[in-house]
Amino acid sequence: MTQNNSEKIKVNHITKIFGPHVKKAQELLSKGEDKAQILDETGSTVGVDNATFSIKNNEIFVIMGLSGSGKSTMLRMFNRLIDPTSGAIYLDGKDIMKFDKKQLLDLRRKKMSMVFQGLGLLPNRTILENAAFGLEVQDVKKEERDKKAHESLEMVGLHGYDDSYPGELSGGMQQRVGLARAIINDPDILLMDEAFSALDPLNRREMQNELLELQRKLHKTIIFISHDLNEALRVGDRIMMMHDGDVIQVDTPEDLLDHPKNEYVKKFIENVDRSKILTAYNVMVKPNTVNIDKDGPKLALRRMKEDQISSIFVVDSDNHFVGIVDADDANEMIDKNEKDLHTALKTDVPTTAPNTPIGDLFNAISKSPIPYAVVDDEKHLQGIILRSAVLDAMATKGADD
Amino acid sequence: MNSLLSIASIGAIPIAKWVNAFFTWLTGFAGFFNAITIFLNAVMNGIQWVFDIIPIWLFIAIILLGTWFLFRKTKHWGFMLFELLGFLLIWNQGYWRDMTQTLDLVLTTCLLIVIIGVPLGTWMAKSKIVETIVSPIMSFLQTMPAFVYLIPAVALFGIGQVPGVFASVIFSIPPIVNMTNLGIRQVPSEYLEVSESFGCTAWQKLFKVQFPLAKPTVMSGINQGIMLALSMVVIASMIGTLGLGEAVYFAVGRNDVGTGFAAGIAIVILAIVLDKISKGLGGANKTDAGSNE
């Protein structure tokens, strides 16, 4: 999904201290004193302690942590709803801490939008007016902003509620409005503060899918706050674990699960249902294939013998998946002296996308007599899933715990 | 006992003297108060001129139409019938012009308390210091017996309509100031965070988020203010303010129970109509529809 790996945001030694005697607390912190002790001595709370990390262009970057870990504070420093005590945040190479009032308004109006857990839909405005809020603030003409708001609502799959009031919509629908409101000014960056946490599990799952779907279309840089690891693993390209104001680990979901940096992370990931995280991509294997455009039955048979399998996957010259050929059919072709594999091709092969969770495939795969083919959007063959591989993967991963 | 004696022995603190000195000083700005008098007289005469020029039947029709429009979602037919009969009764009793004079006083007062009270309440909501100063003053104004305001009113504005308005404004401004302050402070912080995150300036935040959300509270302050202003009409008639209060005041002087009651009923009718309409303007209508989940 990440097409452009350049750095979008760089966070440099950001520290945020709340409360009185900030200077003194800062000194104590730099001396390496314990946060509880600093609170005792100065009455100040360390929200975020010396965070340094960067966020890539067009990725979904999840900041994970329990309440009080500093994740929401961190998020609010990106658009400076909260100003850090020290440190710098670079957006496209520019230090946003040095922005003047006008630049800051511009940043909030055009570059970044926020989706809130509490939604914050204004109860006295219709859905359309709520969605158009970001444009209204910029004094965009009513006609134009209404049109855009309508499009934005359509994009998040909310039809026919333009003139309703927020109180008349369900929680999931309201969350869609919050999302529509955030994307209306086409910002580079979406800040999502526990955006789906208030929803019931079904709605949450649906909104996560909606977000991924939206991301495929819009390619934003999304900073997503969550306390739910399953959610983080589901939507995140990379995950940053925070604990007690500290950044503990920044990694891809895979690496986070495979190489937790310390006991805290280990404990955190212990309860994850692996079948939800492992995708088809993780368990597939590279199959031996034949090219339908140039290979004949003899080569197909030979490769089957090599691998001791009874059928082989067939692709064309562009690696598009076309079907399979059985050993029996190949033998028959050789007997009849036929060369073109098309005659023996079977096309009713089950396929799946690389990002399908194994949990969803488990039943189907265990019943299927032939391996599943993993194909991407352009029908390129990525790999195959063997029944044994699924069972193996789940068993060994489970044994790790 | 000793300490009590000693308090008595130091003599009375000359509060009355000080207040007198202050108002004597204030009357030194006669030009200023004259200007206010001329201006307010012009406003009130203007409103009265409109009331006088409209035929009574048309006036009643306009009120009924306005009521119908205001409550078109909830359909208060009973109230509209009450309005019709009430106004016809006032007309029948020969209090029509007195009623319009009273309405003039109430509307002018209402205008002034909104113009002064809403910004003041907003300032209170924005500044802790202003709140600390203004809040006790408002409590003081509200608890002081209304009669007391008549004295400085006469001293500064003479007798007639304008001192009546002055006394009414002083007496009825506290609720709107307090309610505006309260309404704005009660706006949940999440909405403020939303408006800031979308790049609202402080003014945009005030006009697009805080005022609209505080509106029901502010409107109930205005409603209370109107009711208080109405309660001042009889008192204000003592300093020559015209209207229904004047009729009641004369009836008291002549010990005429019947006339007093008839004029009193006219005040009650006007009060009920103003109360209901000002509540309607406060969006009682909208919340009915909005809470339909």
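In these legends, two residues are in contact when heavy atoms of theirs lie within 4.5 Å. This is a predicted model, in which local features need pLDDT of at least 70 and side-chain atom pairs count only at pLDDT 80 or more, while totals for chains, interfaces and linings use all residues. Residues are numbered from 1 along each chain as its sequence is written, chains are lettered from A and ligands numbered from 1 in the order in which they are written, and side-chain values use heavy atoms, leaving out hydrogens and water.

**View 1. N181(B) and the residues it touches.** Let's start with one residue in chain B: N181(B) sits in helix α9. Helices here are DSSP runs of H or I with at least four residues, strands are runs of E with at least two, and both are numbered from the N terminus. Leaving aside residues up to four places away in sequence, N181(B) touches G121(B), M124(B), A125(B) and E131(B). Is N181(B) buried or exposed? Its relative accessibility is 7%, so N181(B) counts as buried. (Buried means under 20% relative accessible area, exposed means over 50%, and partly exposed lies in between, using a 1.4 Å probe and protein chains only.)

**View 2. Helices α9 and α11 of chain B.** Stay with α9(B), residues 161–185, and look at how it meets α11(B), residues 202–236. Their axes come within 7 Å and cross at roughly 155°. An axis is a line fitted to C-alpha atoms, for helices over the stretch in contact, and the angle, from 0 to 180 degrees, is taken between N-to-C directions. The two helices, α9(B) and α11(B), are therefore roughly antiparallel. (Under 35 degrees counts as roughly parallel, over 145 as roughly antiparallel, 65 to 115 as roughly perpendicular, and the rest as oblique.) The crossing of α9(B) past α11(B) is right-handed. That word applies if the near helix is turned clockwise from the far one by less than a right angle, and left-handed applies if anticlockwise. The contact of α9(B) with α11(B) has 16 nonpolar, 12 polar and no charged residues. (Ala, Val, Leu, Ile, Met, Phe, Trp, Tyr, Cys and Pro count as nonpolar, Asp, Glu, Lys and Arg as charged, and the others, Gly among them, as polar.)

**View 3. Helices α6 and α11 of chain B.** The crossing of α6(B) and α11(B) is right-handed. Residues of α6(B) in this contact include L105(B), C110(B) and I113(B), and those of α11(B) include F211(B), V218(B) and I222(B). By class, the contact of α6(B) with α11(B) has 14 nonpolar, five polar and one charged residues.

**View 4. Helices α6 and α12 of chain B.** How do α6(B) and α12(B) pack? Helix α6(B), residues 96–126, and helix α12(B), residues 244–253, pack at about 120° with their axes 7 Å apart. The pair α6(B) and α12(B) is therefore oblique. D98(B), M99(B) and T102(B) of α6(B) meet L244(B), G245(B) and E246(B) of α12(B). This contact of α6(B) with α12(B) divides into two nonpolar, two polar and two charged residues.

**View 5. Two loop residues of chain A with positive phi.** Most residues other than glycine have a negative phi. D92(A), which is not a glycine, has a positive phi of about 50°. Look for D92(A) in the loop between β4 (86–91) and β5 (94–95). With a relative accessible area of 36%, D92(A) is partly exposed. K379(A), also not a glycine, has a positive phi near 70°. The loop that holds K379(A) lies between β15 (372–375) and β16 (381–385).

**View 6. D237(A) in its loop.** D237(A) lies between α10 (229–235) and β9 (238–243) of chain A. Its relative accessibility is 21%, so D237(A) counts as partly exposed. E254(A) is 17 residues away along the chain, and the C-alpha atoms of D237(A) and E254(A) are separated by 9.7 Å.

**View 7. The two chains behind the close-ups.** Chain A has 18 helices and 16 strands, whereas chain B has 13 helices and zero strands. Buried residues make up 51% of the 401 residues in chain A, and 45% of the 293 residues in chain B.
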